[in-house]
Amino acid sequence: MELTPVTDLPEIRPGDDLAALIAGRADDLGLGLEGAVLTVASTVVSKAEGRTANLEDYAVSGRAEEIAARIEEVAGEEKDPRFAQAVLEESTELLIEAPFLLTETRFGHITVNAGIDRSNVPDHDLLLLPKRPTESAERIRRGFEDRGYDDVAVIVTDTSGRPFRHGQRGVALGWAGMPASRDWRGERDRDGRELGVTVQSVVDELAAAANLVTGEGADGNPAVVVRDWEFGDLEGSDELFRSVEDDLIRQALREWRFE
Ligand code: GDP
Ligand code: MN
Ligand code: MN
Ligand code: MN
């Protein structure tokens, strides 16, 4: 497989048509979009969708005051209660409130600060994640299709931390034109043993690979074309975010919080 950045995209503005901009640049660069997977950083999807905010937009609730005070107490670092308020408004559940905020976003992704970003955001204090990243991915995919590029799969990515390990990596927030995962159950290993549990989250793996190409700073490469990667003929599934009933770690966190 081959991963190539779509270079020289402009600073993305509210209302920009990402499919048009990316397709135009991909053409100039001679990157064949047809049949490829296109990853796009949620940062630019959010910018195009106008998901910016300023701290002064937020009316601070008692809960946000409480959280900011707890973080100051536990982490010894100043926390703006308006930022805590922004995180609360993007979230459906608070999993950890100090020393950092871990929440479930409205679309089911669990991440620190509801994925609110303060880097690569000119003119505003905050960049919120896209409201519904799978719908964003589908809109971009359709934009390609309307321009005559068939069979383009789109993955909206973000950089995110993980439990148990240091460091961050790319993850998929939304996807279109391909399933989220590929089911190896029932396949055989080299000894003929049947695989019982392996469901490979291919959208996350592609997001992580693409994140190596985008970088995290000033590179200016939010989109990556992945060519010569095949989903293959295994079964696919669109399950990515675990529900709480299906997630022992979250259940344990709930118990720990309410002890
Ligand atoms: P995130 O992982 O979605 O939070 O995005 P990052 O902030 O890590 O940015 C990913 C890549 O996109 C980096 O190479 C940034 O320099 C680039 N980037 C961010 N915003 C823009 C933009 O508006 N235009 C362009 N051309 N690149 C951008
Ligand atoms: Mn960022
Ligand atoms: Mn981000
Ligand atoms: Mn990033």
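Me: How many aromatic pairs does a search of the whole structure find?

Reply: The search finds four aromatic pairs, where rings of Phe, Tyr and Trp (its six-membered ring) pair if their centres lie within 6.5 Å. The model is predicted: local features need pLDDT of at least 70, side-chain atom pairs count only at pLDDT 80 or more, and totals for chains, interfaces and linings use all residues. Residues are numbered from 1 along each chain as its sequence is written, chains are lettered from A and ligands numbered from 1 in the order in which they are written, and side-chain values use heavy atoms, with hydrogens and water left out.

Me: Why is the pair of Phe107 and Phe241 called edge-to-face?

Reply: Planes under 30 degrees apart count as stacked, over 60 as edge-to-face and the rest as tilted. The ring planes of Phe107 and Phe241 stand at 70 degrees, with centres 6.2 Å apart, so the pair is edge-to-face. It links distant parts of the chain, 134 residues apart: Phe107 is in the loop between strand S5 (102-105) and strand S6 (110-112), and Phe241 is in the loop between strand S13 (235-237) and helix H7 (248-258). Helices (H or I, at least four residues) and strands (E, at least two) are DSSP runs, numbered from the N terminus.

Me: What makes Phe107 count as buried?

Reply: Buried means under 20% relative accessible area, exposed over 50%, partly exposed in between (1.4 Å probe, protein chains only). Phe107 has 17% relative accessibility and therefore counts as buried. Phe241, with a relative accessible area of 30%, is therefore partly exposed.

Me: Which residues do ring pairs link into a cluster with Trp175?

Reply: Ring pairs link Phe107, Trp175 and Phe241 into a cluster.

Me: How do you know that ligand 1 lies between domain 1 and domain 2?

Reply: Domain 1 (1-50 + 133-259) and domain 2 (52-129) both give residues to the shell around ligand 1, so the ligand lies between them. The domain bounds come from an automatic or database domain assignment. The shell holds 24 residues, each with a heavy atom within 4 Å of the ligand. The largest share, four residues, comes from H2.
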